[in-house]
Amino acid sequence: MSSRGRKKATLYDKLMQLRDVTNSTALKKTSIVVDATKYIEELKQKVESLNQEIGTSEISTVQNSLPVQVTVEALEKGFLINVYSEKNCPGLLVSILEAFEKLGLEVLDARVSCTDSFQLEAVGGDSSEGQAEGMDAQVVKQAVLQAISNVRE
């Protein structure tokens with residue numbers, strides 16, 4: 001068989017493989033290619049639809065099934081803040097510290113672990129501006145929870 005004959009046979013084999021893969025019943029080359037194009041478009045739509053479903057489920061998973069425990073205990077001057085999340089998110093610590101800053105709380109002491117899970121134990125007290133005076137533990141807890149939800153959105 002000549003080189004040209006082998007190429008033609010190989011092309012025909014590839015065309016028949018394409019026909020089989022795309023479930024085409026066409027016999028002409030052009031029709032097989034058209035069926036393959038339609039098949040590829042259907043696959044693209046399926047992939048897009050699945051990606052949207054995955055994106056939606058990831059968002060709901062992040063918002064609903066990642067339990068976050070936040071406890072805030074009032075101290076004589078300041079608060080003891082404990083945060084625990086089963087998963088760590090990039091920027092979580094920074095967001096919580098920014099919330100402290102907005103409240104006028106200065107971090108006096110802290111222990112943080114953010115390998116797989118996220119754990120923070122911090123003592124926050126009045127900064128020099130004195131904004132935190134008269135603030136209760138519930139206000140601090142809500143600010144921390146809001147900072148966490150901002151990161152996860």
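Leaving aside its neighbours within four places in sequence, with which residues is Val-140 in contact? In this predicted model, the partners of Val-140 are Val-72, Phe-79, Ile-81, Leu-103, Leu-105 and Met-135. The following paragraphs place these contacts in the wider arrangement of the chain.

The protein chain contains four helices and four strands. Read along the sequence, these elements follow the pattern α-α-β-β-α-β-β-α. The chain has 153 residues, of which 25% count as buried. It exposes about 10,900 Å², and carbon and sulfur atoms supply 52% of that area. Among contacts between residues at least 6 apart in sequence, 54% join residues at least 24 apart.

The largest nonpolar core comprises 19 residues. Within this core, the members that touch the most others are Ile-81, Val-83, Ile-96, Phe-100, Val-140 and Val-144. Two or more residues each are contributed by β1 (68–75), β2 (78–85), α3 (92–103), β4 (118–126) and α4 (137–152). Ile-81, itself one of the members with the most core contacts, is also among the contacts of Val-140.

The strands are linked by antiparallel pairing. β2 and β4 run antiparallel and are joined by seven bridges. In this pair, Val-83 has Leu-120 of β4 as its bridge partner; Val-83 is also one of the core residues listed above. Strand β3 (residues 105–113) likewise runs antiparallel to β4, with eight bridges between them. Here Val-107 is partnered by Gly-124 in β4.

Helix α3 has 12 residues, and the distance from its first C-alpha to its last is 17 Å, close to the 16 Å expected at 1.5 Å a residue. Its buried residues are Leu-92, Ser-95, Ile-96, Ala-99, Phe-100 and Leu-103. These residues lie on the same side of α3, because they cover an arc of only 145° around the axis. An α-helix has 3.6 residues a turn, so residues three or four places apart point the same way. The face of α3 turned away from the buried side carries the exposed residues Glu-101 and Lys-102.

Not counting residues up to four places away in sequence, Ser-95 touches Ala-147 and Val-151. Just after α3, Gly-104 takes a positive phi of about 85°.

A positive phi also occurs at Asn-23, which is not a glycine; the value there is about 55°. Most residues other than glycine have a negative phi, and most peptide bonds are trans. Asn-23 is placed in the loop between α1 (3–21) and α2 (29–64). Its relative accessible area is 61%, above the 50% limit, so Asn-23 counts as exposed.

Terms used
Residues numbered from 1 in each chain as written. Predicted model: local features only at pLDDT ≥ 70, side-chain atom pairs only at ≥ 80, totals over all residues. Heavy atoms only, no water. Core = buried A, V, L, I, M, F, W, Y, C linked by side-chain atoms within 4.5 Å. Buried < 20%, exposed > 50% of the residue type's maximum accessible area, 1.4 Å probe, protein only. Contact = heavy atoms within 4.5 Å. Expected span 1.5 Å × (residues − 1). Arc of directions from axis to C-beta. Pairing = 2+ DSSP bridges. Areas by Shrake-Rupley, 256 points an atom, 1.4 Å probe, with all protein chains shown as cover.
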